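Please keep the sequence and the structure in view while reading.

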Amino acid sequence: MIVEMIGIPGAGKTSMLPTVTSTLADFNFKARRVVDAGRPFARRDPAGAALEKWAPRSIQPKLLWQVFYWRSYAARRRFARKNPELIAHVRQAQRSRQIPRADRRHALYWFFHLTGYYEFLLSHMQPGEALVMDEGFTHRVVQLFATGREKPDLDSVRRYIDLIPRPDLLIALRAPGELCEARVYRRGIWSRMKGRSGTEISRYFSNAETVVAWTLKYVESIGWPVIHVENQESRLSLARENLRWWLVDHLTLDTGNIRQNAMAVGN
């Protein structure tokens with residue numbers, strides 16, 4: 001089972017991850033984030049199995065992470081062979097953007113890392129497991145199509161969504177752009193954004209909000225399962241309670257379909 005999250009920066013995706021994994025565990029899914037799945041899944045790779053058998057226990061965690069990293073790097077080619085139209089579209093969309101070259105390189109760097117992580121982890125998933133991605137393909141619309149220097153190309157967003165792997169469930173964390181911007185400033189603006197004007201940064205949050213809202217409207221129109229959670233309250237615990245409630249409701253109604261998908265992944 002693949003669960004993705006989407007929301008503009010500061011919407012609370014990382015804060016909500018533990019609620020998602022613990023709720024899935026209540027339904028007997030072994031749920032992990034990407035960073036938590038790396039080593040256990042690497043053990044299922046021949047190289048990881050050999051390390052676990054022969055390497056000293058004290059250095060196994062470090063070596064297993066290296067297996068995950070390098071096997072994921074190789075897995076990018078497999079993903080590209082399976083999804084040539086997606087790769088071509090992402091490259092072309094980034095080449096046509098009116099943004100600094102460093103921003104394009106940054107977006108492509110993390111997108112291709114994602115393709116490798118996804119392909120490696122998916123190929124090693126077993127029945128009853130769930131992968132929870134706060135920076136999955138759907139959320140990547142923010143990095144790939146929203147900046148403070150250009151109007152979002154929503155036709156490119158639509159084409160991108162049509163080409164990416166569809167998750168079993170998408171969780172949308174919603175909060176106003178102004179609130180999310182304030183949250184990001186409180187925790188520290190990204191290094192790549194330092195030196196840019198306040199106007200440009202505010203425009204980035206506004207454009208990110210536009211891209212996310214349009215993406216959610218589109219994926220729901222084509223039948224994706226989506227849970228919406230408002231995270232505008234000062235009490236994070238309330239948003240977590242609401243997320244858990246909606247997730248339990250979804251899992252209760254759709255457990256049969258989800259388990260069929262989980263079994264299909266294992267086969």
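The residues that line the second largest pocket comprise 10 nonpolar, one polar and four charged residues, where Ala, Val, Leu, Ile, Met, Phe, Trp, Tyr, Cys and Pro count as nonpolar, Asp, Glu, Lys and Arg as charged, and the others, Gly among them, as polar. The model is a predicted one, in which local features need pLDDT of at least 70 and side-chain atom pairs count only at pLDDT 80 or more, while totals for chains, interfaces and linings use all residues. Residues are numbered from 1 along each chain as its sequence is written, and side-chain values use heavy atoms, with hydrogens and water left out.

A pocket is here an open set of points on a 1 Å grid over the protein atoms alone, where a 1.4 Å probe fits, with protein on both sides within 12 Å along at least five of seven lines, and its lining residues have an atom within 4 Å of a point. A volume is the space filled by probe spheres set on the points, which are joined across faces, edges and corners.

| Pocket | Volume | Lining by class |
|---|---|---|
| Largest pocket | about 740 Å³ | 11 nonpolar, 11 polar, 14 charged residues |
| Second largest pocket | about 390 Å³ | 10 nonpolar, one polar, four charged residues |

Of the 15 residues that line the second largest pocket, V34, V35, Y117, D134 and E135 are the closest to its centre. Helix 6 provides the largest share of this lining, four residues, and helices and strands are DSSP runs (H or I, at least four residues, for helices; E, at least two, for strands) numbered from the N terminus. Helix 6 also gives the most to the lining of the largest pocket, again with four residues.

Strand 3 is among the elements that give two or more residues to the lining of the second largest pocket. In strand 3, five of five residues are buried, that is, under 20% relative accessible area with a 1.4 Å probe and protein chains only. E129, L131 and M133 point one way from the strand, and A130 and V132 the other way. Strand 3 runs parallel to strand 1, with three bridges, and parallel to strand 2, with four bridges; two strands pair if DSSP finds at least two bridges between them. E4 stands opposite M133, and R33 has V132 as its bridge partner.

Leaving aside neighbours within four places in sequence, L24 is in contact (heavy atoms within 4.5 Å) with residues including A130 and V132.

Definitions and conventions
Buried means under 20% relative accessible area, exposed over 50%, partly exposed in between (1.4 Å probe, protein chains only).
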